[in-house]
Amino acid sequence: MEIFGVPGALLGSQLLVGLINGSFYAILSLGLAIIFGLLNIINFSHGAQYMMGAFVAWIALNKLGVNYWVALLFAPIVIGALGVVIERTMLRKLYKLDHLYGLLLTFGLALIFEGVFRDQYGISGQSYPVPELLQGGVNIGFMFLPIYRAWVVVAALTVCFATWFIIEKTKLGAYLRAGTENPQMVQALGINVPLLITFTYGFGVALAAFAGVLAAPIYQVSPLMGSNLIIVVFAVVVIGGMGSIMGSILTGLGLGLIEGLTRVFYPEASAVVVFVIMVIVLLVRPAGLFGKA
Amino acid sequence: QISDNTVKVGVLTDMSGTYSDLAGAGAVLATEMAIADFIAEAKPAFKVEMVSADHQNKADIASNKAREWFEREGVDTATELVTTSTALAVMKVAKEMNRVALMSGPASTPITNEQCNDVTVHYTYDTYALANGTAKAVTQQGGDTWFFLTADYAFGQALEKDSSAVVIANGGKVLGSVRHPFPAADFSSFLLQAQASGAKIIGLANAGADTTNAIKQAAEFGITPKQSLAGLLMFISDVHSLGLQATQGMYLTTGFYWDLDDDTRAWSKRFFEKQKRMPTMVQAGQYSSVLHYLRAVQATGTDEAGKVMAHMKATPIKDFFGKNGRIREDGRMVHDMYLAQVKTPAESKYPWDYYNIRQTIPAEEAFQPLAQSRCPLVKK
Amino acid sequence: MNNPNSMFARALPILFGVLFLIGLVAPFAVYPTFLMKILCFGLFACAFNLLLGFAGLLSFGHAAFLGSAGYVCGMLVRDVGVTPEVGIIGGTLAAGALGWLFGMLAIRRTGIYFAMITLALSQMVYFVVLQWKATGGEDGLQGVPRGHLFGIIDLSDNIAMYYLVFAVFCIGFFIIYRAIHSPFGQILKAIRENEPRAMSLGYDVAKFKLLAFVLSAALAGMAGATKTLVFQLASLTDVHWHTSGEVVLMTLLGGLGTVLGPLVGAATIVSLQTELADSVGSWVTVIMGVIFVVCVLLFRRGIVGELQALIHRAGIR
Amino acid sequence: MAGETPLSEYILETRGLTKEFKGFVAVSGVDLKVEKGHIHALIGPNGAGKTTVFNLLTKFLPPTSGSILFEGRDITREAPALTARRGMVRSFQISATFPNLTVRENVRIGLQRKLGTEFHFWRSVKSLNVLDDEAMALLEAVDLTQFADTVTAEMPYGRKRALEIATTLALDPTMLLLDEPTQGMGNEDIARVVELIRKVSAKRSILMVEHNLSVVANLCDRITVLTHGSVLAEGSYAEVSKNPKVLEAYVGSDDMSDAHH
Amino acid sequence: MTSAFTPRPEMLRIQDLHAYYGESHILHGINLKVARGECVTLLGRNGAGRSTTLKSVLGLVSRRTGSIMVNGREVITEPTHRMAHYGIGYVPEERAIFASLSTEENLMLPPQVASGAMSVDEIYGMFPNLYERRSSPGSKLSGGEQQMLAMARVLRTGAKLLLLDEITEGLAPVIVKKLGEIIVELKSRGFTIVLVEQNFRFAAPLADRHYVLEHGEIIATINADELPGKMDWLHQTLGV
Ligand SMILES: Nc1ncnc2c1ncn2[C@@H]1O[C@H](COP(=O)(O)OP(=O)(O)OP(=O)(O)O)[C@@H](O)[C@H]1O
Ligand SMILES: Nc1ncnc2c1ncn2[C@@H]1O[C@H](COP(=O)(O)OP(=O)(O)OP(=O)(O)O)[C@@H](O)[C@H]1O
Ligand SMILES: [Mg+2]
Ligand SMILES: [Mg+2]
């Protein structure tokens, strides 16, 4: 079977690969969406925090002998804690101001993080082995699916939907959503909003670090691994609708698929296709696919 | 005869970006070593100084800096210049100011073809030599069907074009290619297309992080070892960062390997002591080119570009790097290149023991023949 | 009159005069190419500031105008063989036209959505520049001759080139200054302050934003075209989103919504990039990062903004 | 009076005006007629749809069905700015000024349009100084002369309302739409604004939403009472205040004056 | 001074309260006390500082000095989110409805800080409009519906000291009347109420005492029984 001259099996495998990439987009854009939605901060250092997640895993493995599974928990905690410090010492001062300042501050932080890691570890990056349990792959008929990639999809989707559930369906989530709008009033109702916000930022950052650990065995762990990703992830968040949790998850997955298809039909354009989609979406639906106008 | 009685060497390189590991600080160190060795050996009557700057892989920064160096700081030669766009920009400034440009970092062949000029030396390698070395050897050894994974920009396309020609000339077939955006992180889609093509060899016409990620993911998807990868532009720094597990068995062409003979080992040890890494061919080439330049200045007693260039071209290069080296009229420095195969982890006995040298490609065969040159300087 | 605002307003022409004189003699004290770079980016940032600082629109794709004008100018001068001033005008018009196109698509959106549409559109421009043969792709458009101004004055002389750049800057700066202090600028300010109200007073808000956008794009293009002549090349860097980000930083560092701030910001960043890159090597990005963080946390009004506030306070006392 | 009579004595007319929000009908089939030169009030319990009607009239929302006629012309689908230029101008429920401009500049923004130079980015701002006399006259009318050079943000709330009205008057509108013009004001300010409205109503028609019935009783020629999106009653204050349905739905007692502040 | 003899315990006592927004000094030493079960009003012209007084109690100003005692406990150093736990409920003048939450979610949101909180059903009984619009997002409510919701929301917390800022603003007379009844009922249930009002007709019959503010200072304290005698003065000062 062929579709536009492309064998069906190849198309199938491309879609699957697209889904895998989509999982990364989903989990990264989810973190961004949470931070934007609840703090009104455009977290430009998200890419750097993703990178640091991967590096923490690498350092843990090579310097401390900590294995992948522990790192999967450990790295988000470490980087999340760093996020908490950043929020407490810096971001806190910016909430009343325009988004622009949050964006600039986190941009500056990204420069610092990337610069320091580059200086310490060079640019070419480090290899992180696939954990033993997940090595190899299975032949699923139309393609060879590395087990590790299958794991990535499962892990990412689980985390995404758990997060969505917490924010949309629990009381804690309701506080968060209300706190986004009018923190003073939520405080007046007796809720410790500053703590909530700190926790939220830490959590968003931890999500980035989690994605970083997931990515470590696939990509080279390198200081710039996040800097090119970040702009695409922004686009995902915008297409989904800023601040919409489900929007960013679904859009992340969907864009992964579309990008995968572009790589077959017009590979040169695969880097730009998400922006084309973004323009079209925003022209038709000004607040993004899932955003509230 | 020598302005200010000082010869100033400018190292314009990527200190912080994608190429900072293969050039960068290591290239600055190599320059310092070259200057120190030159002073020790020649006891020149003039002073030799070095300045360095980060061009951040941006052509405008590079040209701006080069211009400033030439105009304000009396720099006599701009060197290294990894990334073709910066190289092209600087060689024009050098021509305008009549200074010498020594290029050990950049890869593209236009430097010695359409864009060539008489103050530029392209020193270490170029895409033609790499394609020629790797593609030819691999095809001849039975890897006769190819599929290219090409970085979608001028350099990648040139590499693909040159390699395809070599493959076909040696009786092989090119089954297809896919152009990926530059830079890219995820190659699985492209690799799957390469896999679907059924080609024996997947040629990686890209560089740096793109190459390393592609190699890593090829292993992950079970593409290697069923199909083989040929890195068309790989440096020892890439092998080092990927590790032998992922790269074992790959063919690559290099202008230099630290563990080749006693001379290379001696120099590389000195380099290693300072940099804690073994030198790449760019860094070794940088040393060699600067030394060659300084010797020419000493010999001619001037820093005027024309005279120095004439002497450099007239004098064969014989050092640990430039085996059978000479600079042709198009500015191409030709020297022996090596076809290397990456060792298996078991074969590797000590740190940085990465390559088996399979073949020495003689200087005259390694590079694009003058007859094919499109450089106006070449009289036909 | 002790009103510090009016004191400031009266001091401004004097300040401009002094700066103009400094600009005239500067190339004899400072390296002209460096100055030219500052002026080009200064104009770019001023044009950007017209949009962000005075119309409240954050464009995250302004590099598209800088870059495309640069390429157009470069191709006109190099491949068509026109004189430099025609190249600059051509580049400016091209950027203005592109700005109109961008504006038509983006102007009805606000805030972060506006920023993102402009970013997306500029990424497409980047893609075109990368793919199109005529632009030289990754290698950039190299070897653009500076040529002879009006066919007479040889611009390969740095000093001559400098005065052209200086003149372009002054023209651009004047246009921006005028636009801010014009009937149009007044409405723009009103729109930024309270858009629904401006609409209810009968002003077609979208048209004003569009005009501001086109003006800003054209002036950014003017900077880009001039820059191409100065460096004799146009490269992908000019259309990359990093450049779009950089101009935001320049404007903020100098002082958002101040007349001179963007120039000061551009000068600071350009000098930092050139000077630091030589002295601290790979730490330059870290240092830049630290500067932004410190700026955002401590000097939010930017250099010029803080100075103004200082004078203001002194004036009150 | 041959063919030259206006088509109707109504300056503003709606026919079957309806607005649905996802199944919820906020305004249903409202026929509203505002006579030339009248001050017409729109009152009704909370959520009756008053603000929605206003938003429909000023094009901030598109109607689901029905039409709007202004001076006999169907303006249902016109752009908001165009409607404003036709002479129908609104004020907002929440004070709408340009906070960082001075009071004089605020008024000038309103005046500026008739110069036709609003797109002239090459012209000096001094070219607007010709408007200063007129601006001061308007400020005089609302008693804000001494604030002319104050930055608007620094003014007390009540004065901002006055400024807003002055800016609106600068357009010399034939019809004013006022959404709760006295909301959030102290009684002193209310009295001032009532006077102001009376003063400016001389050559104009006014439609206002107002909860303060003493204001309504004082000012309005005609009153339309809205509940649940449709018209419950219409008439003069005297008529409406005796209507038992109105008393029940809106006042909640049998004496309208109970509802005066 | 009849109330001085009533032995009711003190719920709120403010002494020498100064408050600032950024650089501007708004309150210049406010002193007032409210006993449990009392209703007092703060009167004054626009900008007199009535809202600011309420905000200062909650810590929603940039800086404040002086003393604020709630139930005999000094709270001026406490962060805002602790205040609810001392039994303070606040209805701000801008209503502060959570636009992205539905009416019902708005009502469900407040954590219960004390016993005696009203159930959602009780609330709906009190405000039938809210029941009708229970699933609309807060942003889609009419001005008056938002006002009702803001009032209802604070009753959900179980707070016993209510700070109410212009709650009748923009409400139809029917609802204003209803609110009056609600306040009377709340008083009878032992709630303590501080009311900021423009609508003097509404406030006068409810309050035990009136504080008149001007320029951030209390210029007069009028007990309910003194009111008739002070009407003229009030008219003059407030323009009532
Ligand atoms: N965008 C919207 N989407 C859904 N429902 C809406 C929307 N806007 C208003 N409504 C509903 O329509 C009804 C009428 O609202 P409107 O604001 O017109 O009332 P109003 O008469 O101005 O009341 P108030 O005096 O309280 O301001 C209300 O029940 C409100 O909840
Ligand atoms: N956030 C703020 N920043 C600066 N100044 C403020 C702020 N809020 C209020 N003010 C100023 O504080 C003073 C008192 O305001 P407040 O809101 O307490 O007045 P009020 O008596 O409640 O009157 P109103 O009827 O306007 O609500 C006013 O002069 C006002 O301009
Ligand atoms: Mg309303
Ligand atoms: Mg108030």
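Visitor: Why is B:Arg67 called buried?

Guide: Its relative accessible area is 1%, and buried means under 20%, exposed over 50% and partly exposed in between, with a 1.4 Å probe and protein chains only. B:Arg67 is therefore buried. The model is a predicted one, in which local features need pLDDT of at least 70, side-chain atom pairs count only at pLDDT 80 or more, and totals for chains, interfaces and linings use all residues. Residues are numbered from 1 along each chain as its sequence is written, chains are lettered from A and ligands numbered from 1 in the order in which they are written, and side-chain values use heavy atoms, without hydrogens and water.

Visitor: Where is B:Arg67 placed, and which residues does B:Arg67 touch?

Guide: B:Arg67 belongs to helix H2 (residues 59-72) of chain B. Helices (H or I, at least four residues) and strands (E, at least two) are DSSP runs, numbered from the N terminus. Leaving out residues up to four places away in sequence, B:Arg67 touches B:Arg72, B:Val93, B:Glu96 and B:Met97, and also C:Tyr31, C:Thr33, C:Arg146 and C:Gln232. Contact means heavy atoms within 4.5 Å.

Visitor: Which residues of helix H12 in chain B are buried, and why are they said to line one face?

Guide: In H12 (residues 305-314) of chain B, the residues B:Ala305, B:Val308, B:Met309 and B:Met312 are buried. Seen down the axis of H12(B), the buried residues fall within an arc of 100 degrees, so they line one face of the helix. The arc is that of the directions from the helix axis to the C-beta atoms. An α-helix has 3.6 residues a turn, so residues three or four places apart point the same way.

Visitor: What covers the buried residues of H12(B)?

Guide: The cover includes strands S4 (100-103), S5 (120-122) and S11 (326-327), together with helix H11 (281-300), of chain B.

Visitor: How many helices and strands are in chain A, and what makes chain A as compact as a globular protein of that length?

Guide: Chain A has 11 helices and 4 strands. Its radius of gyration is 19 Å, close to the 19 Å that the globule rule gives for 293 residues, so chain A is as compact as a globular protein of that length. The radius is taken over C-alpha atoms, and the rule is 2.2 Å times the number of residues to the power 0.38. Buried residues make up 65% of the 293 residues in chain A.

Visitor: How do you know that chains A and D do not touch?

Guide: Their nearest C-alpha atoms are 13 Å apart, and no touch is found between chain A and chain D. Among the 6 pairs of chains that touch, chains C and D have the most contacts.
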